[in-house]
Amino acid sequence: NASKQKLTSTEECVLVDTIMLASHQGIPYGHDDIREEANAILRNHLGCQCRTAGKKWVNNFLRRHNDQL
């Protein structure tokens with residue numbers, strides 16, 4: 001399954017940290033915000049031609065990290 005994930009585990013940890021930091025500052029992250037942040041990470045290391053994270057990806061990400069978020 002790890003080979004099918006769009007983001008590395010480290011990148012997902014960074015995304016979790018970003019969401020948590022924003023939350024502590026009173027800035028909620030919705031599904032669209034999470035998807036946009038994930039896609040920015042993907043573009044950063046794969047370029048503009050990469051496949052983007054979709055709605056299902058966000059739901060799976062939230063399921064993977066439900067103990068932290």
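Predicted model: local features only at pLDDT ≥ 70, side-chain atom pairs only at ≥ 80, totals over all residues.
**View 1. The overall fold of the chain comprises 3 helices and 0 strands.** From one end of the sequence to the other, the pattern is α-α-α. The C-alpha trace spans about 35 × 25 × 20 Å along its principal axes. The chain has a radius of gyration of 12 Å, which agrees with the value near 11 Å that a compact globule of 69 residues would have.

**View 2. Buried residues account for 28% of the 69 residues in the chain.** Of the contacts between residues at least 6 apart in sequence, 53% join residues at least 24 apart.

**View 3. Helix α3, residues 55–64, has buried residues on one side.** Trp57, Val58 and Phe61 are buried in this helix. These residues lie on the same side of α3 because they cover an arc of only 100° around the axis. An α-helix has 3.6 residues a turn, so residues three or four places apart point the same way. The buried residues of α3 pack against α1 (9–24) and α2 (31–46).

**View 4. The other side of helix α3 carries exposed residues.** Lys55, Lys56 and Arg63 are exposed there.

Conventions
Residues numbered from 1 in each chain as written. Heavy atoms only, no water. Helix = DSSP H or I, 4+ residues; strand = E, 2+ residues; numbered from the N terminus. Rg over C-alpha atoms; globule rule 2.2 N^0.38 Å. Buried < 20%, exposed > 50% of the residue type's maximum accessible area, 1.4 Å probe, protein only. Contact = heavy atoms within 4.5 Å. Arc of directions from axis to C-beta.
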